[in-house]
Amino acid sequence: MLFHVRMEVRIPHDMDAEVKADIVAREKAFAQEVQRSGRWPHLWRVVGEYANISIFDVESNDALHELLSGLPLFPYMDIAVTPLAKHPSDVNA
Ligand SMILES: O=C(O)C[C@H]1C=CC(=O)O1
């Protein structure tokens with residue numbers, strides 16, 4: 001199942017710099033591990049925002065929730081999920 005996911009990062013401005021650096025480093029390592037597994041085929045920065053647009057390819061809603069809630073930045077992100085279905089006019093469908 002494919003999902004379009006928008007993540008907006010909202011780290012508190014008063015977070016300790018070392019704590020922030022650790023969370024961001026762990027986020028990157030986790031995100032790259034998931035990408036290499038094939039479950040996160042697209043990750044794009046939104047121009048001018050600390051936000052990303054991602055496509056996830058996972059087996060279920062529950063699998064996506066488990067993955068997203070495992071992101072180290074999860075407590076500091078606003079996340080909007082859009083489930084995707086095949087478009088009848090898609091020449092690749
Ligand atoms: O920077 C972000 O957009 C948030 C998050 C998503 C992947 C990652 O490494 O960090």
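Me: How far does a polar side-chain atom of Asn52 lie from an oxygen atom of the ligand, and how is such a pair to be read?

Reply: A polar contact is a pair of N or O atoms within 3.5 Å; within protein, one must be able to donate a hydrogen and the other to accept it, and residues adjacent in sequence count only if both atoms are side-chain atoms. Here a polar side-chain atom of Asn52 is 2.8 Å from a ligand oxygen atom, and one of Arg45 is 2.6 Å from a ligand oxygen atom. The protein covers 88% of the 280 Å² of accessible area that the ligand has on its own (Shrake-Rupley method, 1.4 Å probe). This is a predicted model, in which local features need pLDDT of at least 70 and side-chain atom pairs count only at pLDDT 80 or more, while totals for chains, interfaces and linings use all residues. Residues are numbered from 1 along each chain as its sequence is written, and side-chain values use heavy atoms, with hydrogens and water left out.

Me: Which residues surround the ligand?

Reply: A residue is near a molecule if one of its heavy atoms lies within 4 Å of it. The ligand is surrounded by Val9, Glu27, Lys28, Ala31, Trp40, Arg45, Tyr50, Asn52 and Leu73. This shell comprises five nonpolar, one polar and three charged residues (Ala, Val, Leu, Ile, Met, Phe, Trp, Tyr, Cys and Pro count as nonpolar, Asp, Glu, Lys and Arg as charged, the others, Gly among them, as polar).

Me: Which helix gives the most to the shell?

Reply: Helices (H or I, at least four residues) and strands (E, at least two) are DSSP runs, numbered from the N terminus. Helix α1, residues 17-37, contributes the most, with three residues. The chain has two helices and four strands, in the order β-α-β-β-α-β along the sequence.

Me: Where does Glu8 lie, and which side chains does Glu8 contact?

Reply: Glu8 belongs to strand β1, residues 2-9. Its side chain forms a polar contact of 2.9 Å with that of Arg6 and another of 2.4 Å with that of Arg10.
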